[in-house]
Amino acid sequence: MLSFFRIFALLCVLVCGSAAWAQMSGSACISMRDGTTVCPKPDSQCKLNRYGDLICSTPGGGIEADRYGDLVCGPGYCVKDQRGEVFCSSAPRGASAVDLYGNASCSVACVQAASSLCVVPKAVR
């Protein structure tokens, strides 16, 4: 017989894991605080900024908070290096990682992420 703690832990993993997956994959529409429903484009990653606004990457792109907490985006997936700078792969869906020394390493090439590369999805009517 499962203990209450084990059941609670399993439930938390299932609920929290599915919610994080939906937000990270951008596959789910989100109800905003003003009551509108926003649906990101397929293959986009989305996050809420500090003001509660939904900000997304372009399809195949990445999004990450910089050292100041502002969301920045890139053409491919993004990573934060040892200095807190955000770099992204220059290729859509391109991989990025931090190497042994804390430097960004990307498929094709690394480019610095920028807020101008992010998009704000339109509300569904």
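Cys-46 and Cys-56 are both buried, where buried denotes a relative accessible area under 20%, exposed over 50%, and partly exposed in between, with a 1.4 Å probe and protein chains only. The model is a predicted one, in which local features need pLDDT of at least 70 and side-chain atom pairs count only at pLDDT 80 or more, while totals for chains, interfaces and linings use all residues. Residues are numbered from 1 along each chain as its sequence is written, and side-chain values use heavy atoms, with hydrogens and water left out.

## Disulfides

A disulfide is a covalent bond between the sulfur atoms of two cysteines. With the criterion of cysteine sulfur atoms within 2.5 Å, the count is five disulfides. Numbering the bonded cysteines along the chain gives the pattern 1-2, 3-4, 5-10, 6-7, 8-9.

| Pair | S to S distance | Torsion about S-S |
|---|---|---|
| Cys-46 and Cys-56 | 2.1 Å | 105° |
| Cys-73 and Cys-118 | 2.0 Å | 105° |
| Cys-78 and Cys-88 | 2.0 Å | about 95° |

The link of Cys-46 and Cys-56 is right-handed. Strands (E, at least two residues) and helices (H or I, at least four) are DSSP runs numbered from the N terminus.

The link of Cys-73 and Cys-118 is right-handed. Cys-73 is in strand E6 (residues 71-74), and Cys-118 is in the loop between strand E11 (110-112) and strand E12 (123-124), so the bond ties together parts 45 residues apart in sequence. Cys-73 and Cys-118 are both buried.

For Cys-78 and Cys-88, the torsion is about 95°, so the disulfide is right-handed. This pair links distant parts of the chain, with Cys-78 in strand E7 (residues 78-80) and Cys-88 in strand E8 (residues 86-89), ten residues apart. Both cysteines, Cys-78 and Cys-88, are buried.

## Loop residues between the strands

Asp-81 is located in the loop between E7 and E8. Its relative accessible area is 6%, so Asp-81 is buried. The side chain of Asp-81 reaches the backbone nitrogen of Arg-83 at 3.0 Å. Not counting residues up to four places away in sequence, Asp-81 touches Phe-87, Gly-102, Asn-103 and Ala-104, contact being defined as heavy atoms within 4.5 Å.

Asn-49 occupies the loop between E3 and E4. A polar atom of the Asn-49 side chain lies 2.9 Å from the backbone nitrogen of Tyr-51. With neighbours within four places in sequence left aside, Asn-49 is in contact with Ile-55 and Leu-71.

Gln-45 is in the loop between E2 and E3. Because its relative accessibility is 17%, Gln-45 counts as buried. The C-alpha atoms of Gln-45 and Pro-59 are separated by 7.7 Å, and the two residues are 14 residues apart along the chain.

Arg-33 lies in the loop between strand E1 (30-31) and strand E2 (37-38). Its relative accessibility is 65%, so Arg-33 counts as exposed. Apart from neighbours within four places in sequence, the contacts of Arg-33 are Tyr-51, Gly-52 and Asp-53. The side chains of Arg-33 and Asp-53 are joined by a polar contact of 3.5 Å. Such a contact is a pair of N or O atoms within 3.5 Å; within protein, one must be able to donate a hydrogen and the other to accept it, and residues adjacent in sequence count only if both atoms are side-chain atoms. Arg-33 and Asp-53 are 20 residues apart in sequence, and their C-alpha atoms are 8.9 Å apart in space.

Arg-33 and Asp-53 also line the largest pocket, together with Met-32, Asp-34, Thr-36, Val-38, Gly-52, Leu-54, Val-120, Pro-121 and Ala-123. On a 1 Å grid over the protein atoms alone, a pocket is an open set of points where a 1.4 Å probe fits, with protein on both sides within 12 Å along at least five of seven lines, and lining residues have an atom within 4 Å of a point. The volume of the largest pocket is about 180 Å³, taken as the space filled by probe spheres set on the points, which are joined across faces, edges and corners. Its lining has six nonpolar, two polar and three charged residues. In this scheme Ala, Val, Leu, Ile, Met, Phe, Trp, Tyr, Cys and Pro count as nonpolar, Asp, Glu, Lys and Arg as charged, and the others, Gly among them, as polar.
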